[in-house]
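Please examine the structure shown below.

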Amino acid sequence: MVQAVILLTVYLGVPALLMFLQARWPVFRKIGAIMPAYAVGILVSVTGLSRSADPETAHLLAGLRTWLQNLCVPLGIPLLLFSSDFKQWRSRWKQVAVAFAVGIAAVMAAVTAAYYLFRGQAVPELTKAAGLMVGFYTGGTPNVASLKMALQPSAETFLLVNSFEIVITFFLLAFLILGGYKLMRRWLPYEKPSAAVEAVPADGTDTAASRRALARAGSMEDYRFMFRRPMLTGWLCALGLAVLIAGVAMAFSLLFPPDYRVVAIVLGITTLSIAVSFVGRVRRLPKSFELGMYFILVFSIVIASDFSLARLSPDTEGLFYFIATVLGLSLALHCLLAKLCRVEADTFTISMTALIFSPPFVPTVAGAMGNRGCMLTGIVVGLLGYALGNYLGIGWYMLFG
């Protein structure tokens, strides 16, 4: 129990600390919060804090991680979407459709090519691992959880695939956040995003000081003034609305079979959040985006803390190289197809993020790029991946298994 309390304190306290550091010192704003959060999660895993040899404690810790993941995503998505102007996306639906199509084509081709490259090697349950990778790179963890039930890989194979995927994609995420998106802007057509941000004091006052403060408060991932009274009232209202939306979406999902409830919840939350964002008072709630990022930071630490070095051994090298090959080929093919189809650079980057990392990581990369307008594009692409990923993974396994 003590270990669970300490772990929960780390999960909930470190994101708040990272937000404080960013608000206090400019150097931390340059680094960003997501990479330190991911690093803390891996450190938690390496030190053994996230697991235990005692079966009862281990079950408790695993349940804690699952509970936090199930909490952070339903609350984080609405808060992140409330302040977005979705009218900007309507003129870009063709770009989104093309970006999604080339991303899916790249993933399927990469998994198939890697499968043939490694088929003659001693890779445990290669066909099932390949089916899982289709799920990973067309929506993320929700798809993989469903595919685990359908493909029934061994527990060892499933845990190894998860651990290796976390390690490998960590470096890709670091590359994107630390400036890799700039290379995409050189390679693909690029449209500079609008820097306009709408912000209004929660108490209705309109002084020069409040305008300056709220201009800072409304910018992407700016945690300054987070706990001042007008801001506090605003984001508490936003949190209450997010809880209401999540509750309605979860109730709605009960109308669907169990295998489709995750997709139904995400679709319901996103649809309701988009709808209420058209209400001016909701869109102007201060610090809703930053509060949503808090939940994403918690989610990031929880996900990274599930990595285990104990699962690594010389016998599993083939599986590691297989996953690395899938990712490398997928990125190369995606870049090439995007170039041929003239996909806009930020649309490509955010679509790739949604497919490889899943929608919860979309705001992180959007924040790094300074382009909040592309966030809905990533969410939409990720939702399409959620909807199709299970079919693609099972279909691929039935074809090659």
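Helices α15 and α16 cross in a right-handed manner; a crossing is right-handed if the near helix is turned clockwise from the far one by less than a right angle, and left-handed if anticlockwise. The model is predicted, so that local features need pLDDT of at least 70 and side-chain atom pairs count only at pLDDT 80 or more, while totals for chains, interfaces and linings use all residues. Residues are numbered from 1 along each chain as its sequence is written, and side-chain values use heavy atoms, without hydrogens and water.

Helix α15 spans residues 345-357 and helix α16 residues 362-369; they pack at about 155°, with axes 9 Å apart. The two are therefore roughly antiparallel to each other (an angle over 145 degrees). On the α15 side, D346, T349, I350, T353 and A354 make contact with V362, V365, A366 and M369 of α16 (heavy atoms within 4.5 Å). By class, this contact has six nonpolar, two polar and one charged residues; Ala, Val, Leu, Ile, Met, Phe, Trp, Tyr, Cys and Pro count as nonpolar, Asp, Glu, Lys and Arg as charged, and the others, Gly among them, as polar.

The structure holds zero disulfides (pairs of cysteine sulfur atoms within 2.5 Å). C335 counts as buried because its relative accessibility is 17%, whereas C341, at 39%, counts as partly exposed; buried means under 20% relative accessible area, exposed over 50%, and partly exposed in between, with a 1.4 Å probe and protein chains only.

Across the protein, 53% of the 401 residues are buried. Its secondary structure comes to 17 helices and zero strands, taken as DSSP runs (helices H or I, at least four residues; strands E, at least two).

Methods:
Axes are lines fitted to C-alpha atoms, for helices over the stretch in contact, and angles run from 0 to 180 degrees between N-to-C directions. Angles under 35 degrees count as roughly parallel, over 145 as roughly antiparallel, 65 to 115 as roughly perpendicular and the rest as oblique.
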